[in-house]
Amino acid sequence: MSNPPMYGNLVPLDRTQHAKLKLSTEKSALDRITGLNSLFLAVAEFADACKEFPVVFVRVGAAVEGQRQAVAPLAVFGLKQGSNLFVKDSQWTARYLPAYVRRYPFAMARMDDGDNMVLCVDSAWDGLGDTDGAPLFDEKGEASPLLLNAKNFCEEFEREADRTRQACEILQDLNLLQDMRFEATLPNGEKLDVDGFMTINEKALAELPDAKVAELHRNGLLELVTMHRISLGHMSRLATQYQAQS
């Protein structure tokens with residue numbers, strides 16, 4: 001089982017093996033994302049995220065011959081690899097924190113031997129231990145309220161991730177995504193050049209048949225496209241933040 005960004009060592013939770021495991025409710029997980037300049041964003045989060053970050057699309061997964069590569073949306077936190085402009089003094093400075101981060105240190109994961117999803121925890125995180133914190137299991141080995149809430153949150157996250165994959169497939173079907181590059185020259189003369197992401201192709205969108213536009217409106221995708229387009233204005237804001245923190 002591979003570890004997604006932010007996670008060090010995902011392991012399935014086991015009521016016997018992890019009977020005494022406790023989660024620190026005081027420990028922040030922000031140190032896990034200080035070096036991440038982007039993270040997955042579900043379409044249900046666009047309304048909140050577009051007010052804070054650029055929301056772009058990227059190709060994900062391995063390319064398979066004869067098949068198109070999957071696409072996923074990302075919230076962008078920085079314009080350079082290893083740069084997260086929204087973590088300062090161990091605090092999150094934006095008003096919105098993506099669900100991808102809020103579910104940590106838990107996540108649903110598919111085991112190598114089947115399609116079943118199981119609740120896992122990042123055993124590499126130092127916010128977990130056997131002494132201090134809230135227990136994940138009670139004396140009878142049953143999931144604690146904290147763990148049940150975490151499981152429900154992670155299951156809802158997976159449902160939204162599926163909705164997001166379906167939305168991206170529609171955008172691909174309509175050829176509405178194009179490769180894009182962002183370039184900026186800072187006041188100190190430094191040049192920023194960011195590529196490897198995709199945005200909505202305005203020409204392709206304008207040329208869609210009316211029936212397709214109506215379909216996008218009915219299924220909510222037209223609103224998502226609008227929020228994505230609005231969010232791109234934050235690219236220049238990130239360049240300004242980068243200059244201020246350099």
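H228 is buried, with a relative accessible area of 0% (buried means under 20%, exposed over 50% and partly exposed in between, using a 1.4 Å probe and protein chains only). The model is a predicted one, so to speak of local features takes a pLDDT of at least 70 and side-chain atom pairs count only at pLDDT 80 or more, while totals for chains, interfaces and linings use all residues. Residues are numbered from 1 along each chain as its sequence is written, and side-chain values use heavy atoms, with hydrogens and water left out.

H228 sits in helix α6, residues 221-231 (helices are DSSP runs of H or I with at least four residues, strands are E runs of at least two, and both are numbered from the N terminus). Its side chain reaches the backbone oxygen of V55 at 2.7 Å. Setting aside neighbours within four places in sequence, H228 is in contact with F46, V55, V56, F57, M198, T199 and I200 (contact means heavy atoms within 4.5 Å).

One is a cis peptide bond from Y104 to P105, with omega near 10 degrees; P105 lies in the loop between α2 (99-102) and β8 (106-110).

Positive phi values turn up in residues other than glycine, too. M6 has a phi of about 90 degrees and belongs to the segment before β1 (10-12). S90 has a phi near 60 degrees and falls in the loop between β6 (87-88) and β7 (91-92). As for accessibility, M6 is buried at 6%, whereas S90 counts as exposed at 56%.

Note on methods. A polar contact is a pair of N or O atoms within 3.5 Å; within protein, one must be able to donate a hydrogen and the other to accept it, and residues adjacent in sequence count only if both atoms are side-chain atoms.
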